[in-house]
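Please examine the structure shown below. The questions that follow concern helix packing and salt bridges.

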Amino acid sequence: MTPHRLTITEARRIAVRAQLLSGERPDDLLEVVRHLTFVQIEPTAPIAPTADLVLWSRLGSDVYQEGDLLDELERGDTLFELSLLVRPMEDLALFRAAMAEPAQHESTRQWLQDNREFREDIVSRLELDGPLMASEIADTSIVPWTSSGWNANRNVMMMLECLAARGEVAVAGRPGRDRLWDLAGRRYHSDIPALPVEEALAVRADRRLRALGIVRNATPELPIESVRVGDAGEPAVIDGAPGEWRVDPAALGRSFGGRTALLSPFDALIRDRKRMAALFGFDYALEMYKPAAKRRWGYYALPILHGDRLVGKVDATADRAAGRLVVHAVHEDEGFTREVADGVERELDALARWLRLTRSSEGHSGPLAGRA
């Protein structure tokens, strides 16, 4: 079919609206998770856990409070966690068939084979005493897990991860940063059928495109969760943005009203950095892994969305002990208009109230104190 021709503004608005960041705020936690398809669990939390930031930026303080997602997950009726992503329970149907297949990598298959008794020990312990944290489970492995990274010899955790991928165990909750593990039969609804693998992949691609609105055809495979959509949706070209795109046809021709929002560094709107640059012309990288002297925007800077544009970054830290949200700097990609500055001011105040902290700035005072 003939590709849809879009302006760059239209494409940006499709992307923002698809991520529930337009002026029409949603008002239901489960519906947001269903629409986004997943919410990522990431332990680094200089301000708040990324899952909470993602949901607060959509739902706002009147609907969402810190920890609501994990409380709902622990109840076990509506959400499940797999590979650090929280998904709606009904989407278990999209993963069950893949869980039944052998591990993809020969080295993993061999490790599981070598540690059959270790696997049985863990399953038996969970059956008798679960749910348990990994630290409460004995390591009876015969062959250690080998890795060039930090997972080397983390045998209990890696066996739990493998068993979760096989649908044998599941996350039962998250006290603090640790995961509680239990038998999947106690957590997963037995009446959710398994879709065949190819059909499930197609459904996931359709859902992914609905959540993103518009996606580059040449999208790379990103870790944790793909952003590829294959043949889902319809072809599109964007004036001013190179390459071929796929667009959700249901997102075309809709009205748009914007607002100001502070985003998690892991927000899906900016997860594909090349898509972010093509649509928004935005320069951003998470700098917590860089030496302090080489950071441009801060350890955990929050991108600022205003309407259909990404306009800057907020460098802030939640000092819980002192009861303060410390705004180190507000970085403006271009000079803020009064409208933008007022919107950022309101969001910073809202963020402080949501965290139950007093907002303060380092060595500055007044509106948008700490602007860089």
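A crossing is left-handed if the near helix is turned anticlockwise from the far one by less than a right angle, and right-handed if clockwise. Helices (H or I, at least four residues) and strands (E, at least two) are DSSP runs, numbered from the N terminus. This is a predicted model, in which local features need pLDDT of at least 70 and side-chain atom pairs count only at pLDDT 80 or more, while totals for chains, interfaces and linings use all residues. Residues are numbered from 1 along each chain as its sequence is written, and side-chain values use heavy atoms, with hydrogens and water left out.

Q: In a crossing of which hand does helix 3 pass helix 12?
A: The axes, lines fitted to C-alpha atoms over the stretch in contact, with angles from 0 to 180 degrees between N-to-C directions, come within 12 Å for helix 3 (residues 50-59) and helix 12 (residues 338-354) and cross at roughly 125°. Angles under 35 degrees count as roughly parallel, over 145 as roughly antiparallel, 65 to 115 as roughly perpendicular and the rest as oblique; the two helices are therefore oblique to each other. The crossing of helix 3 with helix 12 is right-handed.

Q: Which residues are linked with R208 and E225 in a network of salt bridges?
A: A salt bridge is a side-chain nitrogen of Lys or Arg within 4 Å of a carboxyl oxygen of Asp or Glu, and R208 forms one with E225, the closest N and O atoms being 3.4 Å apart. R208 lies in helix 10 (residues 197-212) and E225 in the loop between strand 8 (214-216) and strand 9 (234-238), so the pair ties together parts 17 residues apart in sequence. The network that holds R208 and E225 also includes R87 and R204.

Q: Is E225 buried or exposed?
A: Buried means under 20% relative accessible area, exposed over 50%, and partly exposed in between (1.4 Å probe, protein chains only). The relative accessible area of E225 is 5%, so E225 is buried.
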